[in-house]
Amino acid sequence: MMKDQEFVEYIIKAIVANPDDVKVDRTVDERGVLLTLHVNPTDIGYVIGRQGQTAKAVRTLTKIIGAKNNARVNLKIMEPEGSRGPRMREDRPREEQPVDTDVVDDLTI
């Protein structure tokens, strides 16, 4: 197992609830190294993080490791079958909030 692959596996196993289900495949072609991450469907939220912050951070660190080894490394996170994909805001019912007119009056010039 290569360093970049070991690194991703180590980090993701520390984040998820089902570390035994973490699998990282590594392929090399003319464009560089592609690491494909597979996780348990219930863990995809932990891997992606709020607004994708966790995934972005792991990708950034993976690219740095690749750069140290003169390789272009990309991380692809596979959405597991049975997981819930991203939900659009329109899917969630929005609760009506009463408007505090004092606050609105304070904002007007």
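Predicted model: local features only at pLDDT ≥ 70, side-chain atom pairs only at ≥ 80, totals over all residues.
Residues are numbered from 1 along each chain as its sequence is written, and side-chain values use heavy atoms, with hydrogens and water left out.

The chain contains four helices and three strands. Helices (H or I, at least four residues) and strands (E, at least two) are DSSP runs, numbered from the N terminus. From that terminus on, the order of elements is α-β-β-α-α-β-α. Of the 109 residues of the chain, 27% count as buried; buried means under 20% relative accessible area, exposed over 50%, and partly exposed in between (1.4 Å probe, protein chains only). The chain exposes about 8700 Å², of which carbon and sulfur atoms supply 51%. Accessible areas come from the Shrake-Rupley method with a 1.4 Å probe, and for residues only the protein chains shown count as cover. Contact means heavy atoms within 4.5 Å. Among contacts between residues at least 6 apart in sequence, 52% join residues at least 24 apart.

The three strands form an open sheet in the order β1-β2-β3, with mixed pairing. Strands β1 and β3 stand at the edges with a single partner strand each, so one side of each is left without a neighbour in the sheet. From one strand to the next the twist averages 20°. Axes are lines fitted to C-alpha atoms, for helices over the stretch in contact, and angles run from 0 to 180 degrees between N-to-C directions. Helix α1 packs on the sheet and touches β1, β2 and β3, its direction making about 155° with that of β1. Helix α3 also packs on the sheet, where it touches β2 and β3; the direction of α3 makes about 150° with that of β3.

Two strands pair if DSSP finds at least two bridges between them. Strand β1 (residues 23-29) pairs with β2 in the antiparallel sense over seven bridges, and the two strands form a hairpin with two residues between them. Within this pair, V24 stands opposite L37 in β2 and D25 stands opposite T36 in β2. Strands β2 and β3 pair in the parallel sense over five bridges, and N74 in β3 is the bridge partner of L34.

Helix α3 (residues 53-68) has 16 residues and reaches 23 Å from its first C-alpha to its last, close to the 22 Å expected at 1.5 Å a residue. The expected span is 1.5 Å times one less than the number of residues. Buried residues of α3 are A55, V58, T62, I65 and G66. They cover an arc of only 100° around the axis, which puts them on the same side of α3; the arc is that of the directions from the helix axis to the C-beta atoms. The buried residues of α3 pack against α1 (3-15), β2 (32-38), α2 (44-48) and β3 (73-77). On the other side of α3, Q53, K56, A67 and K68 are exposed. Just after α3, N70 takes a positive phi of about 55°.
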